[in-house]
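Subject: Structure handover

Hello,

Please find below the structure I said I would pass on. My notes on what was found in it follow.

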Amino acid sequence: MTSHPRHRALGWGRHQLAIPGPSVMPDRVLAAMATPMPNIYAGDLVEVSNRCLERLPPIARTDGHVFVTVGNGHGGWQMALANTLSRGDTVLVAESGRFAAAWGQMAAIGGLEIETLPGTDRDPVDPDALRDRLAADTGGRIRAVLAVQTDTASSVRNDVAALRAALDDAGHDALLMIDCIASMGCDPYEMDAWGVDVTVAASQKGLMTPPGLAFVWAGPKAMAAHESAELRDGYTDWTSRINSQAHYQLYAGTPPVSHLYALHEALELIAEEGGLDAVWERHRVHAEAVWAAVDAWGSDGGRLTPNIAEPAQRSWAVTTVRCEGVDPDEIRARAEGLGLTLGLGIAAGGGPFGTSGTFRIGHMGHLNPPMLLGALATLDAVLGGMGVAEAGVGIAAASASLAAHLSSD
Ligand SMILES: *Cc1c(COP(=O)(O)O)cnc(C)c1O
């Protein structure tokens, strides 16, 4: 995408990223990446690594194991599948948007049989439909249910506790595996309280660390399934990593040194902020400001609308905006010229979003009101310039939303 020429002359300050990952990295995290290489067998790196490994289970709200691997979110998906399943096992993909389906495609390549509970571009997984589908599996062929918490294409947020209840109500003992790649550190998540067996995340979204680390948290049922899993491979294998004699074996080789220093700093920032509850609350307040702006841009004519109608079903990490009769790529190009990168709209569920295009606003991770309001005001000016909405209505609504939060303090 090229910048819009009329706007390009203005976009020379510090560029701002508002895409749903990678997110804006804190300066302290970037500085930590530049730490000189240490001894990898003892000393500072081992301490930093151990502190990360201590702090990561509470990030998913679990007492289970956490495994950290070199890789992106796809690497986490692979580690989760390979350590718990066997060739020919059936997994049920509970679709909602794009990402659970993509996880299922990876599973199929690995020799798993895929069944799909179809979803839409605009709705969460229907827990009743999931329950009925599992109840019909009387032979217990389905070994795992794959779902996302937040779908980054549609920006829907699934009710993970309700998915757990669907398995329980169906009396089904499949593993429940949840992709929290977009939502970890943004949307509230309670792995143990919600009965999730495997959780997958990656470093570059809410966890504020450059792309390159994947995290997989495994509960007791997943560890039990691991005993007989035949897709296990020598690199992602949980047993070898747990039984490591030397620290580096936790990573199946040289630890991702710079990323561990960065992650350590990011987890420290979360602690300084007051822990996950404070981080989640900040994301909620920011998300509500974004929704207020989108609603304002869509009032009187309704050319922009949030893709997910029901606020309770929206992610606090990313907002997908539908554009009727206006080209989302034009909006993004103009914003880009001003120094703001917005998220590309990506088709969900294998098809385009009906007749409308979309773009996405990422509001995950290291974000505060000046950053967010700056992005929204810039977008507001772009939409005003294009005649899509009256300039000022979006930012007024976002600012009012934030002010309402501040006055309730
Ligand atoms: C970003 C994302 C992925 C893919 O992560 P990569 O790091 O690009 O492999 C998978 N699932 C969800 C929900 C995501 O947001």
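In these notes a helix is a DSSP run of H or I with at least four residues, a strand is a run of E with at least two, and the elements are numbered from the N terminus. On that numbering, Pro22 sits in the loop between β1 (16–18) and α2 (27–33). The model is a predicted one.

Confidence

Mean pLDDT for the protein is 94, and 95% of the residues score at least 70. The lowest confidence is in helix α1 (residues 5–8), with a mean of 59, and the highest is in strand β7 (residues 198–202), at 99. Over residues 348–353 the pLDDT stays under 50. The model has 20 contacts beyond four places in sequence for residues 348–353.

Backbone

Most residues other than glycine have a negative phi, and most peptide bonds are trans.

- The peptide bond from Gly21 to Pro22 is cis, with omega near -5°.
- Arg61 has a positive phi, near 55°. Its place is the loop between α3 (44–59) and β2. Arg61 has a relative accessible area of 25%, so it counts as partly exposed.
- Ala252 has a positive phi, near 55°, and lies in the loop between α9 and α10 (257–273). At a relative accessible area of 35%, Ala252 is partly exposed.

Aromatic rings

How many aromatic pairs does a search of the whole structure find? The search finds five. One of them is Phe67 with Trp238: the ring centres are 4.9 Å apart and the planes are at 5°, so the pair is stacked. It links distant parts of the chain, since Phe67 belongs to strand β2 (residues 65–70) and Trp238 to helix α9 (residues 238–242), 171 residues apart. Phe67 is buried, with a relative accessible area of 5%, and Trp238 is buried at 0%.

Phe215 and Trp217 form another pair, with ring centres 5.9 Å apart and planes at 40°, so this one is tilted. Phe215 is buried, at a relative accessible area of 0%, and Trp217 is buried at 0%.

Charges over rings

Arg241 lies over the face of Tyr235, 5.1 Å from the ring centre. Arg314 lies over the face of Trp291, 4.9 Å from the ring centre.

Thr236 is in the loop between α8 (220–228) and α9. Is Thr236 buried or exposed? The relative accessibility of Thr236 is 7%, and therefore it counts as buried, the cut-off for that being under 20%. Leaving out residues up to four places away in sequence, Thr236 touches Met79, Ala82, Asn83 and Arg241; Arg241 is the residue over the face of Tyr235.

Helix packing

Two packed helices are described by the angle between their axes and the distance between the axes. For helix α11 (residues 276–298) and helix α14 (residues 393–407), the angle is about 145° and the axes are 7 Å apart. The crossing of α11 past α14 is right-handed. On the α11 side, the contact is made by Glu281, Arg284, Val285, Glu288, Ala289, Ala292, Ala293, Ala296 and Trp297. On the α14 side, it is made by Val393, Gly394, Ala397, Ala398, Ser401, Leu402 and His405.

Ala289, in helix α11, is buried, with a relative accessible area of 1%. Not counting residues up to four places away in sequence, Ala289 touches Leu372, Leu376, Ala398 and Ser401. Of these, Ala398 and Ser401 are on the α14 side of the helix contact. The C-alpha atoms of Ala289 and Arg332 are separated by 20 Å, the two residues being 43 apart along the chain.

Helix α12

Ala333 is found in helix α12 (residues 328–338). The residue is buried, with a relative accessible area of 10%. Between the C-alpha atoms of Ala333 and Val382, 49 residues apart along the chain, the separation is 9.7 Å.

Regards

Conventions
Residues are numbered from 1 along each chain as its sequence is written. This is a predicted model: local features need pLDDT of at least 70, side-chain atom pairs count only at pLDDT 80 or more; totals for chains, interfaces and linings use all residues. Side-chain values use heavy atoms; hydrogens and water are left out. pLDDT is the predictor's confidence in each residue, from 0 to 100. Contact means heavy atoms within 4.5 Å. Rings of Phe, Tyr and Trp (its six-membered ring) pair if their centres lie within 6.5 Å; planes under 30 degrees apart count as stacked, over 60 as edge-to-face and the rest as tilted. Buried means under 20% relative accessible area, exposed over 50%, partly exposed in between (1.4 Å probe, protein chains only). A charge sits over a ring if NZ of Lys or CZ of Arg is within 6 Å of the ring centre and within 35 degrees of the ring normal. Axes are lines fitted to C-alpha atoms, for helices over the stretch in contact, and angles run from 0 to 180 degrees between N-to-C directions. A crossing is left-handed if the near helix is turned anticlockwise from the far one by less than a right angle, and right-handed if clockwise.
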